[in-house]
Amino acid sequence: MSVGDEHDSRRTEDPYSDPYSTVGGTRQTRTRLPEGEGGDVYGGARRPVRTSRSLIAVVGVVVLLVAAIAFANRGDGGSGGSSDDPKQAGAQPTSATGTKPVEGKTGGIASGFPQTEQGAQSAAANYAVALGSDGMFSPVRRHGIVESLADAASKDKLQSGFDTNYSPGLNQQIGLTADGAAPAGTTFVNRTIPAGTKVQSYAPQTTSVDVWCIGMFGLTGEKSTKPVTSSWFTMTLKLTWSGSDWKVLETTQKKGPTPVAGDNAVSGSEEIANAVKEYGGFTYAR
């Protein structure tokens, strides 16, 4: 409804509410007298109806608010149950548990996760960050990453597969040196940020976890032909319990789910380079 339509509707409902209403096809100005002076029969006759409508509206709003509060309280646990209640965990699979991250590290990667579904999800999120880092483009750093998180039985297979994927030819295509270094005056960006995790299957000895991620990739610098872009993807990690921690058996990756891009203004190359250097990552916990 347009502003004009709203104004016309108000006139039709009560022509006397507007001192310049059209009455009988002509423009007439009506003078309102104070109550008790002149006896405004039109206003006096309609005022009780308006008061009744206002009272009904107020009562209706109060009832709706009370109902909404009662419904919200019931959703939070009904009898005072906390969202941390294990019985409710299945009903809220995407909510954070609040459990503190592990304190241990192996090769700079978080380690020492518990033998639980939550521990497996935390391990998968941290391993996805390492496997989606700029270190994977450096042979030395890549071998260290795989050594830290791979199961002994699958380490050689994983190492061989990653060496094939992250070849010197790929580095040259991106604009890096053979050992994964960025050219002078540029900063190489390859960072993975988990948005959430989901258990595909779980058993005390093996589990499969999906990690939904957003990634940043490219080269900063005025002469760069590979500007930093973002993408969404899901990494699936098959993990096994090694006796003291979760370790990687195999990994796969697919695109999406991808949300609609926002209308943020694109930052300059220098701002992106500084952000990558100044903002560190996290140890992720479910």
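The model is predicted: local features need pLDDT of at least 70 and side-chain atom pairs count only at pLDDT 80 or more, while totals for chains, interfaces and linings use all residues. Residues are numbered from 1 along each chain as its sequence is written, and side-chain values use heavy atoms, with hydrogens and water left out.

The protein has seven helices and eight strands; helices (H or I, at least four residues) and strands (E, at least two) are DSSP runs numbered from the N terminus. Of its 286 residues, 27% count as buried, where buried means under 20% relative accessible area, exposed over 50% and partly exposed in between (1.4 Å probe, protein chains only). Among contacts (heavy atoms within 4.5 Å) with a separation of 6 or more, 55% join residues 24 or more positions apart.

- Helix H3 covers residues 117–131, 15 residues in total, and spans 21 Å from its first C-alpha to its last, close to the 21 Å expected at 1.5 Å a residue; the expected span is 1.5 Å times one less than the number of residues.
- Twelve of the 15 residues of H3 are buried, including Gly119, Gln121, Asn126, Tyr127 and Leu131.
- Ser122 belongs to H3 and is buried, at 6% relative accessible area.
- A polar atom of the Ser122 side chain lies 2.8 Å from the backbone nitrogen of Arg286.
- Not counting residues up to four places away in sequence, Ser122 touches Phe113, Tyr284, Ala285 and Arg286.

**Packing of H4 and H5**

- Helix H4 (residues 139–149) packs against helix H5 (residues 155–165) at an angle of about 150 degrees, and their axes are 10 Å apart. H4 is therefore roughly antiparallel to H5.
- Axes are lines fitted to C-alpha atoms, for helices over the stretch in contact, with angles from 0 to 180 degrees between N-to-C directions; angles under 35 degrees count as roughly parallel, over 145 as roughly antiparallel, 65 to 115 as roughly perpendicular and the rest as oblique.
- H4 and H5 cross in a right-handed sense, the near helix being turned clockwise from the far one by less than a right angle.
- Arg142, His143, Val146 and Glu147 of H4 meet Lys155, Leu158, Gln159, Phe162 and Asp163 of H5.

**Asn171 in H6**

- Asn171 sits in helix H6 (residues 168–174) and is buried, with a relative accessible area of 1%.
- Apart from neighbours within four places in sequence, Asn171 is in contact with Phe137, Leu176, Thr177, Ala178, Asp179 and Gly180.

**Thr106 in E3**

- Thr106 is part of strand E3 (residues 104–106) and counts as partly exposed at 34% relative accessibility.
- Thr106 and Ile145 are 39 residues apart along the chain, with their C-alpha atoms separated by 9.1 Å.

**Loop residues**

- Gly243 lies in the loop between strands E7 (229–241) and E8 (246–255) and is exposed, at 57% relative accessible area.
- From C-alpha to C-alpha, Gly243 is 9.0 Å from Gln115, although 128 residues separate them in sequence.
- Pro257 is placed in the loop between E8 and helix H7 (269–278), and the peptide bond from Gly256 to Pro257 is cis, with omega near -5 degrees.

Methods:
A polar contact is a pair of N or O atoms within 3.5 Å; within protein, one must be able to donate a hydrogen and the other to accept it, and residues adjacent in sequence count only if both atoms are side-chain atoms.
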